[in-house]
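Please read it with the structure open.

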Amino acid sequence: MPAAKIAPSMLSSDFANLASEAQRMLTFGADWLHMDIMIKIDLQDGHFVPNLTIGAPVIESLRKHTKAYLDCHLMVTNPLDYVEVFGKAGASGFTFHVEVSKGRNIMFTPLILNELGLDFRSLMVRETPADNWQELVKQIKSKGMRPGVALKPGTPIEEVYPLLDGENPVEMVLVMTVEPGFGGQKFMPDMMDKVRTLREKYPKLDIELLNDISHLPSPNSYAVTSTPFSHCAKLMPMVFDWGLQVDGGLGPSTIEAAAAAGANCIVAGSSVFGAAEPAKKI
């Protein structure tokens, strides 16, 4: 199994100093930078709106200061709307939720909505076309980004199988180990069953997808760079192994369980940025 990558979640960083925070994490040994892209809730009418808490302008601004792999996790109801803009902004990876790709529209659980002071029953959500993932993956790859799919704790692992078995598969699966929406939540150890199931069912995907880079744009469309953090839009493409990522409540006391289950990309926010010595945590 490939060595695990560490991706600090920039949601826990100091937003006023995002560029320096990114460089600090890379200096400390981070492999990727994880960017959580969330829906903003309009508190006036309780509807989901297309505004984002961390949007493409933030990615574009950060890209000017780093060549790091920007691993973007989009918690949005219609990810297809954001492919082009994030590709232009310089996102490296584009991970969408299987819940919306299968035509399910609610991204936040009643628990999360209660914390926001919203009534779950009052939400009106714009419809997402069911089973649109094939076109979505195609569009993501055409923009030079690496497609990934995420699933919430309550979603059965079988939901992602079609996205891995199809002719145009995703290249990473993100198993959420907390409910999406807030940082600092407690790790859900029972989610490791999903990770183990995926690793057992797809043991050779690392090699198969490692050798398949046909979806990447021509090298002529990229600028050559010698930096080790060089895979992003407008930069020299690098070959990556398939990723099995976990996100939520990861730290020194839980990372071993995740790695043992088969995860090879660890997202950590509060445990890294809140540490007295982040380099040692990484």
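1. Start with a charge over a ring. The charged end of Lys 201 sits over the ring of Tyr 161, at 4.7 Å from the ring centre. Please keep in mind that this is a predicted model.

2. Which ring pairs with Tyr 161? The structure has 3 aromatic pairs. One of them joins Tyr 161 and Tyr 202 in an edge-to-face arrangement. Their centres are 6.1 Å apart, and the planes make an angle of 65 degrees. An angle over 60 degrees is what counts as edge-to-face. The partners come from distant parts of the chain, 41 residues apart. Tyr 161 belongs to helix α7 (residues 161–165). Tyr 202 sits in the loop between α8 (192–201) and α9 (205–210).

3. Are these two tyrosines buried or exposed? Tyr 161 has a relative accessibility of 15%, so it counts as buried. Tyr 202 is buried too, with a relative accessible area of 7%. The cut-off for buried is under 20%.

4. Now the charge pairs. Side chains of opposite charge can pair when their charged atoms come close. The count here is 6 salt bridges. Glu 84 is partly exposed, at 42% relative accessible area. Lys 88 is exposed, at 62%.

5. Helix α8 holds another such pair. Arg 196 is partly exposed, at 34% relative accessibility. Asp 193 is also partly exposed, at 45%.

6. Arg 146 is buried, with a relative accessible area of 6%. Glu 171 is buried as well, at 9%. Salt bridges that share partners also bring in Lys 141, which joins Arg 146 and Glu 171 in one network.

7. Asp 247 lies in strand β8 (residues 243–247). The residue is buried yet has no salt bridge. How far away is the nearest side chain of opposite charge? That side chain is Lys 194, and it is 14 Å away. A salt bridge needs the nitrogen and oxygen within 4 Å.

8. What does the side chain of Asp 247 make a polar contact with? The partner is the side chain of His 34, at 3.3 Å. Leaving aside neighbours within four places in sequence, Asp 247 is in contact with residues including His 34, Asp 36 and His 73. The stretch from Leu 174 through Val 175, Met 176 and Thr 177 to Val 178 is also in contact with Asp 247, as is Val 267.

Conventions
Residues numbered from 1 in each chain as written. Predicted model: local features only at pLDDT ≥ 70, side-chain atom pairs only at ≥ 80, totals over all residues. Heavy atoms only, no water. Helix = DSSP H or I, 4+ residues; strand = E, 2+ residues; numbered from the N terminus. Buried < 20%, exposed > 50% of the residue type's maximum accessible area, 1.4 Å probe, protein only. Lys, Arg positive; Asp, Glu negative; His and termini not counted. Polar contact = N/O pair within 3.5 Å; in protein donor to acceptor, adjacent residues only side chain to side chain. Contact = heavy atoms within 4.5 Å. Phe/Tyr/Trp six-rings, centres within 6.5 Å; stacked < 30°, edge-to-face > 60°. Lys NZ or Arg CZ within 6 Å of the ring centre and 35° of its normal.
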